[in-house]
Amino acid sequence: MDGAAAISVEGLERAFGDVLAVQGVDLAVGEGEIYGFLGPNGAGKTTTVRMLTTLLLPTGGRATVAGHDIVSEARQVRASIGVALQEAALDPLMTGRELIRLQATLQGLPGGEGRRRADDLLERVDLVGAADRRVGSYSGGMKRRLDLAAALVHEPRVLFLDEPTTGLDPVSRKTIWDEVRSLNDEGTTVFLTTQYLEEADQLADNVAIIDDGRIVAEGTPASLKADVGNPHVRLQLEEGSIARAEEVCAEIGRLLPPVDARTVLVEVEGGAADIPRVVRALDDAGIEVGSLELVHPSLDDVFVAKTGHHIRRDEDEADEQPVPA
Amino acid sequence: MSELAANLRVVKALGLRSIRQTFRRPQLMAPIVVFPTLLLAIQTGGAGSAVNLPGFPPVQSFLQFMLAGAMMQSLMLAGNSGGIALAVDIEMGFTDRLFAAPISRYTIVLGRLAGTGALGLFSALWFLAIGLVFGAQIEGGVPGALLAIALVTATAMAVGGIAAAIALRTGTASVVQGLFPLVLVVLFLSSAFFPVDLMIEPARTIAEYNPLSFVVEGVREPIVSGVDAADTGAALLAIAGIVALGLVLSARALRHRLKVG
C-alpha cells in the first residue's frame with residue numbers, strides 16, 4: 001500500500017447475506033486529490049463509502065484512510081475525516097447553528113472554538129441569515145450546504161461527499177461544486193461519489209468507475225476518455241425508422257447501445273469527416289433525421305465501453321440539467 | 001481535555017438535543033404529560049372511594065396513592081418516546097453523523113438516556129406539584145420527595161435503555177411505537193394503579209413479581225407514609241436489574257447496528 005495515499009484500499013469486500021455488494025475494490029487516492037467515484041444507483045458506491053467512513057464493517061479486504069486502518073483504528077479514522085452522506089442527515093427540529101455546534105462538540109472542539117467555527121462556517125456556506133431557523137424549513141440546497149459545513153467543522157484531512165448534488169437544481173449544484181474546488185485548493189482531499197458524469201468530469205482529478213460492485217475503470221477523466229477512442233454521431237429519428245437506420249449506420253461505423261427509442265449512436269473513425277457519409281446513407285435509405293450531433297467521448301462512453309450499458313436510466317436524465325458556467 | 005470530560009460533554013450535548021426535540025415535537029410530549037395527567041384526573045375523580053375497600057393500604061387520599069402510578073406511566077412513556085426518537089434518528093440517518101464522529105458509541109445511547117432522565121425528573125416534579133396543589137401530602141417531607149424524584153429519574157433512564165436497545169436493534173420507529181400497548185400491560189400488571197393485595201389471580205402473582213411493582217412501592221412509600229429503607233432498597237435493586245438488562249441489550253444492539261450498517 002502507498003504510505004503517502006490519503007485513502008488506500010485493497011480487495012475491499014462487503015457481503016449482505018449471499019449478495020456481494022462490493023467485490024474486491026482496489027483504489028488509491030493521493031493527498032490533496034479530488035477523487036470521483038462514479039457509478040449508477042446500486043453499483044456499490046455508498047456501501048464503499050460507508051466502509052471507508054467506518055459506518056459499516058467490511059467482510060473482506062482492508063483499507064486505510066489518512067494512514068489509519070478502517071477497522072483496527074476506526075476512531076483515528078473518524079477524527080481525520082469529514083462526512084456528508086447521501087441523504088443529508090439533518091434533524092429538522094434543530095437550527096442550523098445548533099447542528100454545527102453539536103458537530104463541533106462531537107469532534108471534541110472546546111465550546112468557544114466550536115462557536116467560532118460554527119459562525120465562520122455558516123458565513124462560508126452563506127447560511128448566516130438562516131442559522132437560527134429550524135432545518136426543516138431549509139431548501140434542498142441549503143440542507144446540503146449545512147451538511148457540508150458540519151462536515152468541515154474540525155478541518156478534516158479527508159472529506160467524503162456521497163452524492164452531494166443529487167436532486168439539486170443546477171444553481172445549487174454549482175454552489176456545491178465551487179465549494180468543493182475551494183476546499184480542495186485549501187489542501188483537503190475529497191472523495192466524491194456521484195452518478196453525474198459531468199460532476200466527475202468537472203471536479204475530479206482521478207475517477208474510478210464502479211459497476212455491480214467492481215471497479216471497471218480508473219484514471220484521469222482525460223485518459224479514460226482517450227482510451228475509448230473515437231467520437232460518435234448521435235442521431236435523433238422517428239421511432240419507426242430506428243431499425244432501418246441502425247442497419248444503414250452499421251455499415252459506416254460501430255453501433256453503440258441505444259439510450260432511448262428514438263436515438264441511434266454510431267461510432268465513427270473519421271470524426272466530423274464522416275458526417276456527410278452518414279447523412280448521405282440515411283438520405284439514400286429515405287430516413288428522415290430529426291437532429292444530428294457529433295459527440296466526443298464522455299465518461300458515459302467510458303462506462304458503456306467498460307460495462308456494455310449506460311450509467312443512467314432514461315427517466316433519470318431529466319435530473320441532469322446543465323450547470324451554469 | 002481528558003477523554004472522560006470529552007465524552008461527558010457529548011452526553012450533555014446529546015441530552016440537551018433530546019430534550020429540545022421532545023419539547024419541539026408536541027406529539028412526544030403528549031404521552032409524557034397529557035395522558036398520565038388525564039388518567040390521574042379520571043381515576044381520582046371516578047374511583048376515589050376505592051380507598052374505602054377492605055384491604056386498601058392506609059393513605060390520605062386516592063390522589064396521594066395514585067401519584068406514584070402517574071409518575072410510572074409518564075416515565076415509561078418517556079422511555080418509550082426516547083426509543084422512538086432514537087429510531088427516527090436511525091431512519092433519517094442522523095445516527096450516521098454520530099457514528100462517524102470520534103466518540104465512544106456508548107455516548108450516543110447515554111446522551112439519549114440523559115434526555116430521558118431529564119424528562120423523568122420533569123415528570124416527577126410535575127406530578128408532585130399536581131399532588132400538592134390538589135391537597136395530597138408528601139408524608140416523607142422534602143427527603144421523601146427528593147427520593148421519589150431520584151427513583152423516577154433513574155427508572156426513566158433504565159426503561160429508556162431497553163427502548164434504546166430495541167430502537168438500535170430494529171432501526172424502525174414503528175416497531176418501538178408498537179411497544180406502547182406492552183408498556184400499558186406492564187403498568188397495569190404492577191401495583192402502579194391498584195394495590196397488589198386487592199388484585200385477583202393471575203394478575204396478583206404477576207404484579208407481585210413485576211420489577212416495576214418494586215419501583216412503584218419505592219416511589220409510593222415516601223409519599224404515602226415516609227421513607228422506608230426496605231422499599232427503597234428493593235426499588236434500587238429492581239432499577240439496577242432493568243439498567244443491567246438495558247446495558248446488555250444496548251451493547252449487543254450497537255454491535256449489530258455497526259455490523260449491518
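I begin with a definition that the strand entries need: two strands pair if DSSP finds at least two bridges between them. I also note at the outset that this is a predicted model.

**Entry 1. Strand β7 of chain A and its partners**

I looked up the pairing of β7(A). Four bridges join this strand to β6(A), and the two run parallel. Within that pair, I found A:Val158 of β7(A) to be the bridge partner of A:Ile81. I then turned to strand β8 (residues 189-194) of chain A, which pairs with β7(A) in the parallel sense over five bridges. Here A:Leu161 has A:Leu192 in β8(A) as its bridge partner.

Next I asked how the side chains of β7(A) are arranged. In a regular strand the side chains alternate between the two faces of the sheet. In β7(A), A:Val158, A:Phe160 and A:Asp162 point one way, A:Leu159 and A:Leu161 point the other way, and all are buried. Since five of the five residues of β7(A) are buried, I record the strand as largely enclosed by the rest of the structure.

**Entry 2. Helix α5 of chain A**

I checked the length of helix α5 (residues 140-151) of chain A. At 1.5 Å a residue, its twelve residues should span 16 Å, and the end C-alpha atoms are 17 Å apart, which agrees.

Is this helix enclosed or open to its surroundings? Ten of the twelve residues of α5(A) are buried, so I call the helix largely enclosed by the rest of the structure. The buried set includes the charged-type names A:Lys143, A:Arg144, A:Arg145 and A:Asp147, and among the others are A:Met142, A:Leu146 and A:Leu148.

I then listed what surrounds the helix. The buried residues of α5(A) pack against β6 (81-84), α3 (96-106), α4 (111-124), β7 (158-162) and α6 (170-185) of chain A.

I went on to the largest nonpolar core, which has 168 residues. A:Leu146, A:Leu192 and B:Met71 are those with the most contacts inside this core. Helix α3 (residues 62-91) of chain B gives the most to the core, with 18 residues. Domain 1 (5-225) and domain 2 (230-296) of chain A both give residues to this core, so I place the core between them.

**Entry 3. Chain A as a whole**

I counted the secondary structure of chain A as twelve helices and 14 strands. Its C-alpha trace spans about 75 × 45 × 35 Å along the principal axes. Of its 325 residues, 49% count as buried. Among contacts in chain A with a separation of 6 or more, 68% are between residues 24 or more positions apart. I noted the distance between the C-alpha centres of domain 1 and domain 2 of chain A as 40 Å.

**Entry 4. The contact between the chains**

How many residues does each chain bring to the contact? Chain A gives 22 residues and chain B gives 23 residues. On the side of chain A that touches chain B, α2 (74-80) and α3 of chain A each supply at least two residues. I sorted the residues of that side into twelve nonpolar, five polar and five charged.

**Entry 5. Strands β1, β4 and β5 of chain A**

I followed strand β4 (residues 60-65) of chain A, which pairs with strand β1 (residues 5-16) of chain A in the antiparallel sense over five bridges. A:Ile7 stands opposite A:Val65 in this pair. Two bridges also join β4(A) to strand β5 (residues 68-69) of chain A, again antiparallel, and there A:Thr64 stands opposite A:Asp69. I recorded β4(A) and β5(A) as a hairpin with two residues between them, and A:Ala66 in the turn has a positive phi of about 55°.

**Entry 6. A:Leu255**

I ended with A:Leu255, found in strand β12 (residues 254-256) of chain A. With 16 C-beta neighbours inside 10 Å, A:Leu255 counts as partly exposed. Its contacts, leaving aside neighbours within four places in sequence, are A:Glu246, A:Cys249, A:Ala250 and A:Val266. A:Val266 is eleven residues from A:Leu255 in sequence and 4.5 Å away in space, C-alpha to C-alpha.

Note on methods:
Residues are numbered from 1 along each chain as its sequence is written. Chains are lettered from A and ligands numbered from 1 in the order in which they are written. This is a predicted model: local features need pLDDT of at least 70, side-chain atom pairs count only at pLDDT 80 or more; totals for chains, interfaces and linings use all residues. The expected span of a helix is 1.5 Å times one less than its number of residues. A residue is buried if 20 or more other C-beta atoms lie within 10 Å of its own, exposed if 12 or fewer, and partly exposed in between; C-beta atoms are placed from the backbone. Two residues are in contact if their C-beta atoms, placed from the backbone, lie within 7 Å. Domain bounds come from an automatic or database domain assignment. A nonpolar core is a set of buried Ala, Val, Leu, Ile, Met, Phe, Trp, Tyr and Cys residues joined through C-beta atoms within 7 Å.
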